[in-house]
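The following exercises ask you to read a model residue by residue, and each task is followed by a solution in steps. Please have the sequence and the structure open while you work.

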Amino acid sequence: MLIFLIEDDEALAEGISFMLEKEGYETERFSACSDSRRALEQTQPDLILLDWNLPDGSGEGLCRWIREKWPMLPVIFLTVRGDTRDIVNGFQKGADDYLVKPFELEVLYSRICALLRRAGQAGG
């Protein structure tokens, strides 16, 4: 099972990747929209974890692009943007779930498993 992690905070990305790989998932990490777009054109993961604020663009725009091409691909926003308007906007742009930083890795893992179950894939 492959998860794309699009996050520019290196320490957070490392922690999430470590946790997911410990649980048996394969992860590919990206720190920018451009790299993740190129990778998505080549390989579709089972789920995407997406930061809102990226150095070369907005996760919001990337999420819209993902939805246009792969409408059923599960996407979870991971962001510091916790305002109600931002959360609603994230869902309106196509996110399946939205987690405000800081968060517990166990909560993230539970949400990943729930989304993968709903998508008809295995999820711990």
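**Exercise 1.** Decide whether R29 is buried, partly exposed or exposed, and describe the salt bridge that it forms.

*Solution.* R29 has a relative accessible area of 31% and is therefore partly exposed, where buried means under 20%, exposed means over 50%, and partly exposed lies in between (1.4 Å probe, protein chains only). Before going on, note that this is a predicted model, in which local features need pLDDT of at least 70 and side-chain atom pairs count only at pLDDT 80 or more, while totals for chains, interfaces and linings use all residues. Residues are numbered from 1 along each chain as its sequence is written, and side-chain values use heavy atoms, with hydrogens and water left out.

The partner of R29 is E10, and the closest N and O atoms of this salt bridge are 2.3 Å apart; the term requires a side-chain nitrogen of Lys or Arg within 4 Å of a carboxyl oxygen of Asp or Glu. The pair links distant parts of the chain, since R29 is in strand β2 (residues 26-30) and E10 is in helix α1 (residues 10-22), 19 residues apart. Helices (H or I, at least four residues) and strands (E, at least two) are DSSP runs, numbered from the N terminus. E10, with a relative accessible area of 52%, is exposed.

**Exercise 2.** Are K101 and D51 buried or exposed, and which network of salt bridges includes them?

*Solution.* K101 has a relative accessibility of 18% and so counts as buried, and D51, at 4%, counts as buried too. The side chains of K101 and D51 meet in a salt bridge of 3.4 Å, N to O. This pair links distant parts of the chain, with K101 in the loop between β7 and α5 (105-118) and D51 in strand β3 (residues 47-51), 50 residues apart. The network of salt bridges links E7, D51 and K101.

**Exercise 3.** State how many salt bridges the structure holds.
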